[in-house]
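Keep the sequence and the 3D view beside you as you read.

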There are 2 protein chains.
Amino acid sequence: MSTPIYDRVALIGLGLIASSMFWAIKRAGLAGEVTGYARSEETRHTARRIGLCDRVCDSAIEAVEGADLVVLCVPVGAMGKVAAEIAPALKSGATVSDVGSVKRHVIEAVSPHLPENVHFVPAHPLAGTEHSGPESGFAELFDNRWCLLVPVENSDPAAVARLRQFWQGIGANVDEMEADHHDLVLAVTSHAPHLIAYTMVGVADDLRRVTDSEVIKYSAAGFRDFTRIAASDPTMWRDVFLSNKDATLEILGRFTEELFALQRAIRTGDGQHLFDYFTRTRAIRRGIIDAGQDTAAPDFGRGATPKT
Amino acid sequence: MSTPIYDRVALIGLGLIASSMFWAIKRAGLAGEVTGYARSEETRHTARRIGLCDRVCDSAIEAVEGADLVVLCVPVGAMGKVAAEIAPALKSGATVSDVGSVKRHVIEAVSPHLPENVHFVPAHPLAGTEHSGPESGFAELFDNRWCLLVPVENSDPAAVARLRQFWQGIGANVDEMEADHHDLVLAVTSHAPHLIAYTMVGVADDLRRVTDSEVIKYSAAGFRDFTRIAASDPTMWRDVFLSNKDATLEILGRFTEELFALQRAIRTGDGQHLFDYFTRTRAIRRGIIDAGQDTAAPDFGRGATPKT
């Protein structure tokens, strides 16, 4: 048990991320008390039933009162509204942070509501699963994953350092990044891939009428990995695309160009073009394994154990 | 140890699939002797070194002599050439099969070369990993995965039944399917998803010049799963796309249409369209888990263990 980094932490929104944060905070003893609030009565009820948060409050204002750290864990599109709601109740000197997948939009939506005497330090933990809701969280979710801090102009260095320590205590590796750069990098590594996966799964669903349940039955051939990505929370992802519109559309535009070039190579039988392209992309996988972001263990035969 | 189903099996081409077949054949005692041949001397040398095949031959003809079952495990584009090469040496009454990811093209490329007195029973085991080569195989690769048999006109029912028994002994579940239907289903579940993953990884590689190594460093946010798919064997996949051209382009055409509709929804801020689409695709995931093709265990936080 380490010394608490904050006396009181308030989690606003009690989904996968907040619930995982709570279990990780408890695991490491990072806070004296953790309060929680969710807009849905059913979610608050579930949270109380499973012991999620030391105290579940019936209003966001009640939850943030006296909190040294307030973390907004709601969909990106709801951040501004929640910030406006809690602003009058924030303790002087408190830090307000968030876990949104988009940063420029959150900064623009939240900043105007916050009083001068609180520190705003936006953050984005790069972790998640395809499940959502208060019961999907687990303490290990952030272990050895990245959490990006995106300090705004005038972010107090001491408040940033403290939040960094907090996320490290949760198990994450912490980096700092500028908001627009964050949104571009995430458009490449996350937002565009998610939209593409959603699209491919939607196409397959249309075709199910042609092929009955075969698409599902034989999904292990590659499609399965798309469905896992495309099973992520619809509200969260709707908000991500709407609030990181420019970067996402930019990347999708490049994607479409490249896809058309590969389609043309298929149509014209240009095997060399395809071979060279696939050889190049294969090398990138090596980089990801070397960077410790995945293992080299074969994954397509899930459940199978490689011969040693 | 069960009774051997074939006295002698010949594996032509010694990559991931053939080597996994060999270990699975040995595990279950499905053949008296397994011979093997690979075009590359280096591969034959590796095979001999690791004990892959009871006998590694220096020519395809030598390998197939006296074999009751010959399995072509070469890239789809090489099937015709190999069939022509081995045809004169095939034993009367032998069964010739393959493991190609495309079936109509293989049937058209192989059939004309085969003598009247052999049985041709094309097949496609839906299993693999992102690794390739003779050392990447393991006996469990096909366990509880599907193997699709695609009998041609005049395929001898007894030969088909025997091959089914063989693949079941290897560990697979076996289904039969018509060639064109196979190629359409696989275009949806495998070929289009692979091309899309290759494309997205290629786009990210271009952008690496902008974002340095951040694309790799933060790949866990979704992109990582694309890179695994896009690390598959370039030669194999070049041949798949060139030989299943029509079905793949048809599915990619539908994909592009849907992607454009989603891009427009993002551009115009049509959140309801996005939300409805993502809700629909999420349901498909449930179907795949119910069908036993994947588990519900959260996978995005790879290496993390859910709280129980």
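## A walk through the model

B:S92 lies in the loop between helix 4 (79-86) and strand 5 of chain B. Helices here are DSSP runs of H or I with at least four residues, strands are runs of E with at least two, and both are numbered from the N terminus. This is a predicted model, in which local features need pLDDT of at least 70, side-chain atom pairs count only at pLDDT 80 or more, and totals for chains, interfaces and linings use all residues. Residues are numbered from 1 along each chain as its sequence is written, chains are lettered from A and ligands numbered from 1 in the order in which they are written, and side-chain values use heavy atoms, with hydrogens and water left out.

Which residue does the side chain of B:S92 meet in a polar contact? The partner is the side chain of B:N117, at 3.4 Å. A polar contact is a pair of N or O atoms within 3.5 Å; within protein, one must be able to donate a hydrogen and the other to accept it, and residues adjacent in sequence count only if both atoms are side-chain atoms. B:S92 and B:N117 are 25 residues apart along the chain, and 5.3 Å separates their C-alpha atoms.

**The sheets of chain B**

Strands of a sheet pair through backbone hydrogen bonds, either parallel or antiparallel. Two strands count as paired if DSSP finds at least two bridges between them. Strand 5 (residues 95-98) of chain B runs parallel to strand 6 of chain B, and 2 bridges join them. Within strand 6 of chain B, B:F120 is the bridge partner of B:V96.

Strand 7 and strand 8 of chain B pair in the antiparallel sense over 3 bridges, and B:A123 stands opposite B:L149 in strand 8 of chain B.

Now look at B:V152, in the loop between strand 8 and helix 6 of chain B. Not counting residues up to four places away in sequence, B:V152 touches B:I107, B:F120 and B:P122; contact means heavy atoms within 4.5 Å.

**Where the chains meet**

How many residues of chain B are in contact with chain A? There are 113, and they touch 113 residues of chain A. The two chains bury about 10700 Å² between them, 70% of it on carbon and sulfur atoms. Buried area is the accessible area (1.4 Å probe) that two parts lose on being put together, summed over both.

The rule finds 9 salt bridges across this interface. A salt bridge is a side-chain nitrogen of Lys or Arg within 4 Å of a carboxyl oxygen of Asp or Glu. Over all chains, the count comes to 39 salt bridges. Here are two examples:

| Salt bridge | N to O distance |
|---|---|
| B:R282 and A:D233 | 4.0 Å |
| A:R49 and A:E135 | 3.3 Å |

The pair A:R49 and A:E135 links distant parts of the chain, 86 residues apart.
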